[in-house]
Amino acid sequence: MKLLLSLRLHSRSPLRATLATSASLFTLSLQAQVAANPVKNDNETVVLSPFVVTSEGDTGYTAANSLMGGRINTALKDTPASVSVITRQFLDDIAATSPADVVEWTVNVAPNYVGATSSFSTYQYNIRNLGTSSATRNYVLWYGQSDDFNVDRYEFVRGPNGMIYGDSNIGGVPNNWTKRARFGKTGTVVRGSADTFGSLRATFDHNLVLNEKLAVRINAVHDEKAYWHDAPSKNFDGIALATTYRLTKKDEIRADGEFAYYTYPFFSNFYVDQGSYWNGTTSYNGVTAPTTHSAANPTGVVANPASFVYLPGAANGGLNQMGSYYRSSGTGLAINPDGRPELPNFPSLPSREFDLNPSNALSRLHQYFYNFAWTHRFSDHLTSEVAYARTAVSRYNGPSTAGNRYNEYRIDVNTVLPGGAPNPNYGKAYQDREVAKQYTGNDVTQLHGLINWSLNPSWVKQNFVGMVGTRLDRFDNEQVRLTRTNPPSTVSQLLNNAANIVLVRRYWDQAGLAIGENPVPEIAGTTLEYVPQTAQYQRKAVDFFQIASVSKFFKDRLSLMGGYRIDQVIDSQQQTTGIPVDARGLPQIGAVIVTPESPVVPRPVIGAKIHTNRKAASKNAGAVFWLKPWLGFVANYGESIASNTAGAAKLDGSIPGITRNEGIDIGLRSEFFSGRLSGSVSYYKNEQHGNLLGSANVTEINRLWDNIGRLDVPDVDYRDTQDRKGDGWEFEFVGNPTANWRMSLNFALPDSTILNIRPGLREYYNTNLPAWQAGANDLTNPQRAQIQTDINAIASTLNGLTPGTPVNDTYKYTANFYSTYSFRNGFLKNFEAGAGANFRGKNKIGAAFDDPYRFLYSPAYTLVSAHVSYRHKFSKKLTARFQINVKNLLDDDTLVLSSQDGNGYNTYRVGGFTTNPQVQVTDRFRQQDPRQFIFSTTFEF
């Protein structure tokens, strides 16, 4: 007790409070153990739910069971589906705290990094290189952040399998199981950690067995995660409570819930050059217009677009129209940490850690979930369960974070401020960004019932499983933008006009400074208000019914599984983007426009409403046959669907349909050393039709219609589709070959191919190209050069999406290895040492602009990790583990080119002149985290 109370990791009060709370709860638990010593009744049958999996059967890196066998607890070795489990022991060895730490180590799965941070997540799962997948928690759809403090283990299910998780993407689904109250014994685990980036973390896990009927488990965390960037830390506080109550011999009730609060920063992985063309001398003095950039006079100075910019200290209270002023221009390429010496005057970053975003550019996230489940055993052969779950996630992104990260380098070329005063920031790098706020929310409720009927004659073990349920998925997204609301009454000065949208200018030497919640002060004669800009509302109800059969023959040598599922998806959406305004400039939210040409299907215009009601079926079947005790053959066929989510219609105005997936897995499995080491080698082939994509070339399309004078054509906002297939090989060996040695090894050779991509954009382009090209050929049209540029941009997009080419973000290979050895005797007794690496082959992220079959890749890289720990037993009840982990041991600094936050390769023309040839170079990238040491101490008692 004295040792626990004397533990000090940091002087900050939240961390001390967490540890003090841990000590208090420990004291209470000791009292509870004395007051209620559980007595085991050997005559009473314990109710064990066949619909739940816990980590109690896991040993080392080896997991025992899963629910992948028709939603009932089934041995992994007898489950036909491809599933990999990351156990509690592995999580502890690699010092994992979030799914981002875990996903790198499993088979054929890689995170999609979303910039550095986003409104929704810091990563997404890309399984089998076939696109992102939504995660589940306890097999309920989960949009929140997960943390190790309340995770028992992770499962990664690969390939379509609607019988298990219903609607999902083709690659599969990641699932994490939360910690459950256990009847085994009362125990406590307290852990504290710190790292060389400056992070601090404390967790508390206490399982209390009150008596033979009731067990309670409480988990808590306080985390201050520091980044290696010059950015604020990500703070996280969470608490979880789980209970298991054995009401009768035949009834068990489980209830658990979690509440968590996050704040996390917005920062950028890269910054974009818009200043390298400036010659360093051309400027604007407020009187004489400078010579703007041209091939004959390459000044690098261009006119500033009409914009309403807040410049502290300038005239008019700092709020000025900058349309009559000027700014620099550049290549638009990402600024590498080491610059681009081959390009003249190209800028460099002040440091690798540089972050321009305000220090209070934080996203705030609240989340909670709770579940209730009642298991009833009618007889030894018939068991049922009714479960209810709800998860809710709400996010608020303040004025400096609502999707508008500062990530640009541009030079202020004005020697004077509006009003004539000298400009003290002349020649400095800066960026202007909108002031906006964003509110998003996901709320999921699910109610389902399960029933399992088992038959066990001498020749077969048979289970029939039925499931029926309903899920309501609610999504809201609103964004408001700071706007001047007392503009002149002319049409050109309405609320959506750039001349009224407020921007805040931030110079590069202001990095690290904060901006307020209301960064623009009140200004006499000017009314500033947050005006709705985007609103999305979706209510998606999914009613589902499924049946499954699980059979075992020949003393468990043959396992057969099959299932059939029906999903009925009722989806209501309301999407408003670019809020329409009336003659006074006031917003009209939710406007609905149905054209005479399309009286039933709403056109893809502002304020469209969509309602769908679709039904789809999924079939699954698989078998595992153990030819020898150590060698088995496995085959699996699976289907699943993915229903459309909130968003725009297609370009032709039709409503996106349901995505359909199917796939097969065939391979061999093996077990050695009495099951302590297991392995698999399998081939998979998956295919997907109707997968939804976001829009592309929207800016060019809308500008084309404007520049050819077709103002009657509304601005487009659309979604498109793609069909694709993926096949490849997957190898995995995991286990504990000896009592001292545990290891995990996996390898994947994925291959994914586009079958048909963006058919809507392709048809739209072919239909409208004659009208656009006529505008480009019209010598009287002053915008003809821009028209041709936009036509070429759309054509370049389509040329880069040629059917038959690999899907972007397809690795040549992925491999992971980690091994730990425990010393039981000798000088190193009680020490453990482990090491491993993530190996990533070249990653296809694009194609040459002039040859869609000449593929471009991000380079291969390897990240090495290791740990060493020492375990010491202070007493019969108190054990401590002291551990040091190191990530990126070799400090690999490979720039990982990205196609997820822009283009990993891009084109530019020397000087920015259309008369010069296109040059294709590397562009957007993600930097590896540098070498990091993590120090942790764990007490178990």
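Modeller: Two strands pair if DSSP finds at least two bridges between them; helices (H or I, at least four residues) and strands (E, at least two) are DSSP runs, numbered from the N terminus. This is a predicted model, with local features needing pLDDT of at least 70 and side-chain atom pairs pLDDT 80 or more, while totals for chains, interfaces and linings use all residues. Residues are numbered from 1 along each chain as its sequence is written, and side-chain values use heavy atoms, leaving out hydrogens and water.

Let's start with the helix. Helix α8 covers residues 784-799, which makes 16 residues, and there are 22 Å between its first and last C-alpha. That is close to the expected 22 Å (1.5 Å times one less than the number of residues).

Now for the strands. If you want a spot to look at, find N816, which faces N838 in β38. Strand β38 also pairs with strand β41 (residues 861-873), again in the antiparallel sense, this time over 10 bridges. Here A835 has A866 in β41 as its bridge partner.

Then there's an open sheet of 3 strands, ordered β36-β39-β40 and antiparallel in its pairing. Its edges are β36 (810-811) and β40 (851-858), each of which pairs on one side only. Strand β39, residues 843-848, runs antiparallel to β40, and 5 bridges connect them. Look for A847 across from F855 in β40.

On to the aromatics. Across the whole structure, a search turns up 36 aromatic pairs (rings of Phe, Tyr and Trp, the last by its six-membered ring, with centres within 6.5 Å; planes under 30 degrees apart are stacked, over 60 edge-to-face, the rest tilted). One of them comes from elsewhere in the chain: Y271 and F354 have ring centres 5.4 Å apart and planes at 55°, so they count as tilted. Y271 is in the loop between β15 (251-265) and β16, F354 in the loop between β20 (326-328) and β21 (362-379), and 83 residues separate them. Y271 is buried at 1% relative accessible area, and F354 is buried too, at 7%.

Back in our stretch, F747 and Y813 make a tilted pair, at 6.3 Å centre to centre with 35° between the planes. Because F747 belongs to strand β35 (residues 741-757) and Y813 to the loop between β36 and β37, the pair ties together parts 66 residues apart in sequence. F747 is partly exposed at 29%, and Y813 is partly exposed at 32%.

Last one: Y818 belongs to an aromatic cluster with Y61, F90 and W105.

Definitions and conventions. Buried means under 20% relative accessible area, exposed over 50%, partly exposed in between (1.4 Å probe, protein chains only).
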